[in-house]
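I opened this notebook to record, entry by entry, what I looked up in the structure shown below.

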Amino acid sequence: MELTTPEKPLTLTVVLGSNREGRFAPTVADWFLSLVRERTDFTLDVVDLARTDLPTSLSFNPAPAVRTELAQVSPRLAAADAFVVLTPEYNHSYPASLKNLIDWHYGEWQAKPVGFVSYGGVSGGLRAVEHLRQVFAELHAVTVRDTVSFHNAGGLFTDDGTPKDPSGPEAAAKKLLDQLAWWADALRTARTAHPYAA
C-alpha cells in the first residue's frame, strides 16, 4: 500500500546515543541517514551526543553553561515530529549519555513517535531498545513496533561503511520509516487540533 506524503514534511530528529571514543555509531548512522535523505516526507535533524555537552547531574536550576547547552538542544527536540534513537547496547542496556539527554527533557518527547536503530553483539542492541521503550512510555511518547538491528554489527559492514547484505536492513529501515511517518503525521495533526494533556 502506497503511503500518502504529508503536505508539510515531517521533522525527523535522529539521536546518536553513543559518545564513546572509537564508537561504531557513525558507520550505522551514515548508512541510515542516507536512506532518510532519499525520502520526501521527512526533513532531517541529527543530534549527536558525542558533540552535545550536557552535564551528568540534573538540577532544577541549572548553571548558565548548562542552560546555554540546553538552549541549543532543547528547541531542536521540541521542533521534531518524530525521533529515531540510534543506540548500542552497553551491559544489557543503553548508554548513560542517552539516558542523560532523555532525562534533561520531558515535554519535548510527548505525543511523538520514537523509532529505534540498534547495534551490538549477539543481541543486536535489542535489550537496550526494550529498556528504552519503558522510558519513553513514561514520557508519553509512542514507540513504533518495528526496529532496525545489527547483530555482531562490526562484521556486517564493508570497509566503506555499507552493509554487506543491504536487502534485509533496507527493508527493515523502510518499514520503520513508513510507520514513523504514519504516526508522526497522525500525532502532529492531533497535537495541532488538541494540545496533549500529560
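I began with the aromatic rings and noted that Phe24, Trp31, Phe32, Tyr119, Phe150 and Phe157 form one aromatic cluster. I counted rings of Phe, Tyr and Trp (its six-membered ring) as paired if their centres lie within 6.5 Å, with planes under 30 degrees apart called stacked, over 60 edge-to-face and the rest tilted. The structure holds nine aromatic pairs, and one of them joins Phe150 to Phe157 in a tilted arrangement, 5.0 Å centre to centre with 55° between the planes.

This is a predicted model, in which local features need pLDDT of at least 70 and side-chain atom pairs count only at pLDDT 80 or more, while totals for chains, interfaces and linings use all residues. Residues are numbered from 1 along each chain as its sequence is written, and side-chain values use heavy atoms, with hydrogens and water left out.

Next I looked up burial (buried is under 20% relative accessible area, exposed over 50%, partly exposed in between, with a 1.4 Å probe and protein chains only). Phe150 is buried at 3%, Phe157 is buried at 6%, and of the 198 residues of the chain 49% count as buried.

I then turned to arginine 20, whose charged end sits over the ring of tyrosine 90, 3.6 Å from its centre; this label requires CZ of Arg or NZ of Lys within 6 Å of the ring centre and within 35 degrees of the ring normal.

Last, I noted that the C-alpha trace of the chain spans about 45 × 40 × 25 Å along its principal axes.
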